[in-house]
Structures are given as structure tokens and as C-alpha cells.
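User: Hi! Could you walk me through this model?
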Amino acid sequence: MPEPLLEVRDLRIRFGRFTAVDGLSFALGPGEVLGVVGESGSGKSVSMLAVLGLIRTPGAHVSGNIVFRGRELLGLKDAEMRSVRGREIAMIFQDPMTALTPVYTVGWQIAEQIRAHEKVSARAARDRAVRLLDEVGIPSPERRVDAYPHEFSGGMRQRAVIAMALSCNPALLIADEPTTALDVTTQAQILDLMRRLRADHGSAIVMITHDMGVVSEIADEVLVMYGGRAVERGARRQVFHTPRHPYTWGLLDSVPRVRGPRARRLPAIPGAPGAAERGCPFADRCAHRFAPCDEAPPLTPTGDPGHLDACWLPEDRRRTR
Amino acid sequence: MIGYILRRFGAAALVLFAISVLVFLIFFATPGVDPAARIAGKNADPATLEQVRASFGFDRPLPVQYLMMMKHLFVTHDLTSFVNRGTLVIPQIVEAIPVTLSLVVGAAVIWMVLGVAMGTLAGAMRGTLIDPLVMLLGVFGVSLPVYWLGEVVNLLTQKQLHDSVFSWVPPLGYAPLSQGVGQWALHLLLPWLTLALLYAGIYARLLRGELAGALNEDYVRTARAKGLSERRVLLRHALRCSLIPIVSLFGLDFGALVGGAALLTEVVFGLPGVGKLTYQALQNLDLPVIMGTVLYAAFFVVLANAVVDVVYARLDPRVRRA
Ligand SMILES: Nc1ncnc2c1ncn2[C@@H]1O[C@H](COP(=O)(O)OP(=O)(O)OP(=O)(O)O)[C@@H](O)[C@H]1O
Ligand SMILES: [Mg+2]
């Protein structure tokens with residue numbers, strides 16, 4: 001692999017006594033799309049917020065390495081971090097309805113970001129906002145640029161948020177469940193848009209989602225998280241065709257098949273999410289639990305290059321899909 | 001926006017009309033009470049009673065009475081107080097207005113500046129010692145009653161310490177602007193501070209709460225992710241949205257104070273404002289004056305409300321179309 005764009009090593013995030021992320025490592029090359037999946041509470045959002053230095057809760061403790069373009073981000077001064085945020089790494093959030101400040105026009109907010117990072121006139125920033133809105137498919141952008149967020153529908157707002165995120169041509173776009181709050185048709189449109197923008201702008205994307213369907217459509221690499229750890233990591237093909245971790249099996253079983261016979265009921269993964277104090281975080285809910293699981297399994301290579309998983313199960317008890 | 005303003009002020013005019021009718025009915029058409037006797041005051045002689053009856057048209061139908069009343073108030077300005085033999089009501093009110101306005105506007109400037117500064121400081125410094133300290137200061141302001149605080153201030157500045165620290169404090173009362181801005185402000189300084197302290201405390205608390213909420217909003221997270229400075233995130237995004245409810249409260253408080261709620265401050269500091277006028281009128285049951293001040297108060301409260309709504313719509317684009 002060439003020099004990775006972003007490399008996270010042994011990231012740990014604690015809120016007081018509670019460990020939200022426990023030794024997460026992954027890397028992402030330029031222009032790649034990484035799909036991060038995992039249940040609610042598995043630490044997807046906090047890990048990515050940590051990359052941007054946006055964990056501000058008092059008592060939060062972040063350690064490890066976050067190396068972006070060869071530079072360590074963890075521990076950067078806020079002023080230095082600000083020049084990364086929004087310019088080199090942009091982030092969009094789940095709920096487009098509340099992500100924009102209600103009292104300013106959409107164009108103003110896009111221009112604000114441009115002018116925070118580049119010395120351009122208000123006029124030029126506005127013109128660029130119009131072009132960006134056009135690019136993300138907002139109809140009559142020269143008029144819509146002066147509209148307020150509440151005058152946009154949910155899908156349009158998410159488009160506007162994406163336009164804003166792309167305004168400084170970031171090398172990395174982190175999208176935290178960008179389609180979850182939208183209806184199915186709009187979801188598909190936004191995914192289409194992101195695919196197209198990736199082709200045009202060449203930004204790498206981290207796509208956080210609980211939806212394996214979304215991952216299968218857009219990701220090159222997949223990171224499966226459970227209880228604050230990576231339990232499986234690999235190329236999309238590897239994770240979808242030869243899933244190794246029992247949690248990944250559960251996730252894949254819960255994807256409704258579009259083609260072929262339809263499962264009667266979506267099989268739920270039994271038990272409640274939560275990390276065990278010691279040992280494998282998934283052990284309590286795992287149907288394949290056996291003695292070694294009292295010890296936490298490390299993320300280890302599987303033999304197939306680039307495919308890693310964290311499970312003690314011997315080879316003959318793994319299944320293929 | 002223009003349409004909104006027109007509609008809003010149209011509604012305000014309608015409300016004012018309704019209030020004037022209501023006030024008229026309460027004063028003149030309460031069953032079983034002779035309005036002439038009430039206007040003429042206690043122990044009025046028959047001649048006065050007759051005069052009142054004629055000038056207010058009490059032998060004519062109610063709508064005509066209403067119109068005559070409004071004519072006395074707004075056209076000929078010759079509504080007379082009978083208790084206070086022969087003094088005209090309107091000029092009294094007109095004279096009192098600048099006093100009350102001076103008091104309330106000055107205090108409002110002080111409390112808004114103080115309240116917004118304290119609230120922003122506390123809201124931005126949550127989790128540090130500054131926050132509880134500032135809020136404690138606010139509670140202190142809220143819990144001191146104006147009349148008590150005013151009396152203490154007077155006691156200190158007019159008597160106890162008047163010969164030493166506070167020799168610069170002028171005697172109680174009002175100095176009109178015609179005597180120079182310096183004198184005007186000097187006479188009003190302590191009343192301003194006394195009145196402002198209470199409201200500054202309330203506004204600081206309210207703003208802190210709003211700001212604390214806003215800082216947890218998604219749009220603030222977005223603003224941070226854009227790479228804006230913390231200061232800009234705080235002032236342009238969080239504070240800007242938190243100010244919306246503050247402004248609407250401000251309009252209501254301001255209207256009520258101009259309408260006479262500054263009464264206690266006016267009385268304590270001997271300021272001949274509308275509040276004090278109402279207070280005196282109530283003491284000798286001077287109905288024409290009471291009616292005049294009630295209508296005046298209603299006018300300011302309704303006007304302040306209308307202005308607030310317009311400002312609100314400027315501040316919050318979401319209400320403009322409503
Ligand atoms: N500021 C915070 N203070 C304390 N705990 C937090 C904080 N932020 C997150 N957590 C905890 O960290 C854990 C991981 O949260 P995170 O938001 O990353 O989950 P997630 O994987 O993004 O879930 P979802 O799919 O619901 O968004 C959760 O248990 C959450 O309660
Ligand atoms: Mg999340």
C-alpha cells in the first residue's frame with residue numbers, strides 16, 4: 001500500500017471510567033472509501049470525532065496515534081487543528097435537519113467555511129457556493145443559495161451539507177450516517193451523489209453506517225466495529241464473501257436480499273450490545289462462545305492479505321457465506 | 001418582510017382598539033355604578049356631577065359615550081381630573097412620559113449589556129469556576145427587591161455617606177435633558193443601576209441556559225467541523241441563536257416597564273414618571289387619570305410587542321412566513 005492518507009493506531013477514548021473506543025487501528029489510502037459498520041454505541045462516531053479533535057467533553061481522554069498525511073493530529077493545538085478541519089478533512093453528520101444553523105442562509109454558511117480557510121472575497125465565496133449547490137444537484141442554485149435551511153427538504157439539506165463539506169476540496173470526507181435520517185429514495189440519490197463526487201473530487205471517504213447495504217454499494221474497505229473495537233477489517237469482497245467474525249455473520253444475515261428468496265424474518269442478533277469487562281466484547285451474545293473467549297482476541301491477519309479479524313474460533317468452525 | 005410588518009402593526013392597532021373598548025366598558029358601563037359619581041370623586045357637589053354627565057354624554061347611548069371619551073382623550077386632550085380640581089389629564093401624562101422613558105431606556109441598555117455579557121461568559125465557561133461565580137452574582141441581583149435596594153442606595157448616598165464618598169450624588173428627582181445630558185444622566189444613574197440589577201440577573205441566567213443548550217446543538221458541531229474559531233462558533237452561531245428568546249422577553253419587559261411597572265423605582269427615587277402618576281391617582285381614586293395611564297400603558301405594551309415580533313422575524317427567518 002502506498003503511504004496512507006490517514007492512519008489510526010491504537011486509538012483509545014475514555015469518558016471518565018467508561019471506555020468507548022479500545023485500541024482501534026485502521027488505515028485509509030488516498031481516494032479510498034472505508035465503510036465503518038457496527039451497532040449503535042460501538043464507537044463509530046466518537047472515533048471519527050477524535051480524528052477531527054472534536055471530542056470536547058470534560059473528562060474525556062484520547063490516546064494513540066492519528067496520522068494524517070504523515071502528520072500526527074492528536075495533540076495538535078486548536079489553531080493548527082482548525083486549519084485541518086473543514087479544509088483537509090470535512091465531516092458531515094447524520095441529521096441534516098439540525099446540522100445547519102437555522103438563522104443563516106445556506107449560501108452564507110457555505111461561504112463562511114470557504115472564507116475561514118481561503119482569502120477570497122465575499123462575492124467569490126458566494127459564487128463558489130452557487131457552483132457547489134449546482135454540483136450537488138440543487139435546482140436553480142442561484143436562487144436557492146439565499147434560502148434558509150428550513151426552506152429546504154431533508155434531502156436537499158443533506159445535499160447542501162455535502163456541498164459545504166466539499167467546498168474546500170478536502171482530501172478526506174467523513175460521513176457519519178449521512179443517509180440514515182432520509183427516506184429510501186433520497187438515500188439512494190445521496191449515495192449516488194457521493195459516488196459521483198468521489199470520482200470528480202478524488203476525496204477519500206469514511207462512511208459510517210449501520211447499513212450493510214450501503215457498505216456493499218460504496219465501500220472499498222470495510223471496518224466492522226463492536227464494543228469499541230475493530231472485530232473485522234478487510235476489502236469489501238473479503239468481508240462480504242468470506243466474513244470471519246460471528247458478529248459480521250449476524251450483520252450480513254440481517255441484510256434483506258434484493259435478489260433471490262427472501263428471508264421470512266430478519267434474524268436478530270441475540271442479546272444486548274455492550275462490551276464485556278474483560279475478554280471478547282462479543283462473547284456474551286456469541287453462539288460460538290468457548291473457553292478462549294474469556295481473553296480478548298487481538299485483531300490478527302487471516303491469511304488472506306489485507307483481511308484481519310479478532311476471534312479465537314478455529315478455522316474449521318468458521319463458515320463461509 | 002414589509003407585508004409581515006404591516007400585518008403585525010395592523011393587528012396591534014386592532015388590539016389597541018379592543019383594549020380601549022374594554023377599558024371604557026369597565027370604567028363607564030359597570031352595571032349598578034354611576035360613572036359620573038366615580039369620575040367626580042368622593043363628596044362631589046351636584047353641580048360637578050351635572051357637569052361630568054354633560055361632558056361625557058352619560059345620557060346618550062354607549063357607542064356615543066365611547067366616542068366622546070376617545071375625543072376627550074385623543075382629539076381635544078381636555079379630559080379633566082375632578083378629584084384634583086381642574087388639572088388636565090393628558091398633559092400630566094405627556095409630562096411624565098420622558099421621565100419614565102429615560103429611566104427605562106437607560107436601565108434597559110445597562111441590563112442588556114450586563115445580562116448578555118454575564119450570560120455569555122457563564123455559558124461559554126461551563127465547567128470552570130467562572131460559571132458558578134457569575135451565576136451567583138446573578139442570583140444576588142435577582143433576589144434583591146427593587147424598593148429595598150433603592151432605599152438602601154438612598155440611605156447610603158443621600159445620608160450616611162453623602163458627605164464623603166457619595167458627595168457627587170445629586171438630590172433625588174429628575175433633571176430633564178434640557179438641563180444638559182450630564183445632569184440628566186447623573187440624576188438617573190442610581191435608579192438605572194437599581195432597576196437594571198434585577199433584570200441583568202434574570203437575563204444572564206436565561207441566556208446561560210439558552211447558550212448551554214445551543215452549544216450542544218448539531219449546528220454548533222457542524223460549525224466546529226468547518227474549522228471556525230471557537231470564538232466565532234460561540235458568538236456567530238450559538239449566541240446568535242440563543243438571543244432570539246431573550247429579545248422576545250426583552251420586548252415584553254420593556255413594554256411593561258414603560259407602561260408603569262417601573263413604579264417602585266420611580267417612587268423610591270422620587271422620579272415623576274408614569275408609574276408614580278398612576279400610583280398617586282390610585283391613592284385618591286382619580287378615575288380619569290387612571291384611565292389615561294391604563295390606556296397609555298396598554299399602548300406601550302402592545303407597541304413593544306409588535307416591535308418585538310418584527311425584530312424577532314428579522315432574527316429568526318423561520319417565523320417570517322407565519
Ligand atoms: N461525550 C460523551 N460522553 C460520554 N460518553 C459518550 C460521549 N460520546 C459518546 N459516548 C459513548 O461512547 C459510546 C460510543 O458512542 P458513539 O456515538 O461513537 O456510538 P456510534 O457507534 O456512533 O453509535 P450510533 O450508531 O448510535 O451513532 C457510547 O456508549 C456512548 O454512550
Ligand atoms: Mg454515531
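This is a predicted model: local features need pLDDT of at least 70, side-chain atom pairs count only at pLDDT 80 or more; totals for chains, interfaces and linings use all residues.

User: Great. How many residues of chain B are in contact with chain A?
Analyst: On the chain B side there are 22, in contact with 26 residues of chain A; contact means heavy atoms within 4.5 Å.

User: And how much area do they bury between them?
Analyst: About 2,300 Å², with 57% of it on carbon and sulfur atoms. Buried area is the accessible area (1.4 Å probe) that two parts lose on being put together, summed over both. Arg221(B), Ala225(B) and Lys226(B) supply 25% of what chain B buries against chain A, more than any other three residues.

User: How many salt bridges are there between chain B and chain A?
Analyst: Three, counting a side-chain nitrogen of Lys or Arg within 4 Å of a carboxyl oxygen of Asp or Glu. Glu112(A) and Arg232(B) meet in a salt bridge through their side chains, at 2.7 Å from N to O.

User: Which helix of chain B gives the largest share of the side that touches chain A?
Analyst: Helix 10 of chain B, with seven residues. Helices here are DSSP runs (H or I, at least four residues), as are strands (E, at least two), numbered from the N terminus.

User: Switching to ligand 1: which residues are closest?
Analyst: 14 residues surround ligand 1, and the closest are Ser40(A), Gly41(A), Ser45(A), Val46(A) and Thr57(A); near means one of a residue's heavy atoms lies within 4 Å. An oxygen atom of ligand 1 is 2.9 Å from an N or O atom in the side chain of Lys44(A). A polar side-chain atom of Glu177(A) is 3.0 Å from a ligand 1 oxygen, and a polar backbone atom of Ser42(A) is 3.2 Å from one.

User: Last one: where is Thr302(A) found?
Analyst: Thr302(A) sits in the loop between strand 11 (300–301) and strand 12 (308–309) of chain A. Its side chain reaches the backbone oxygen of His307(A) at 3.0 Å and the backbone nitrogen of Asp304(A) at 3.3 Å.

Key: Residues are numbered from 1 along each chain as its sequence is written. Chains are lettered from A and ligands numbered from 1 in the order in which they are written. Side-chain values use heavy atoms; hydrogens and water are left out. A polar contact is a pair of N or O atoms within 3.5 Å; within protein, one must be able to donate a hydrogen and the other to accept it, and residues adjacent in sequence count only if both atoms are side-chain atoms.
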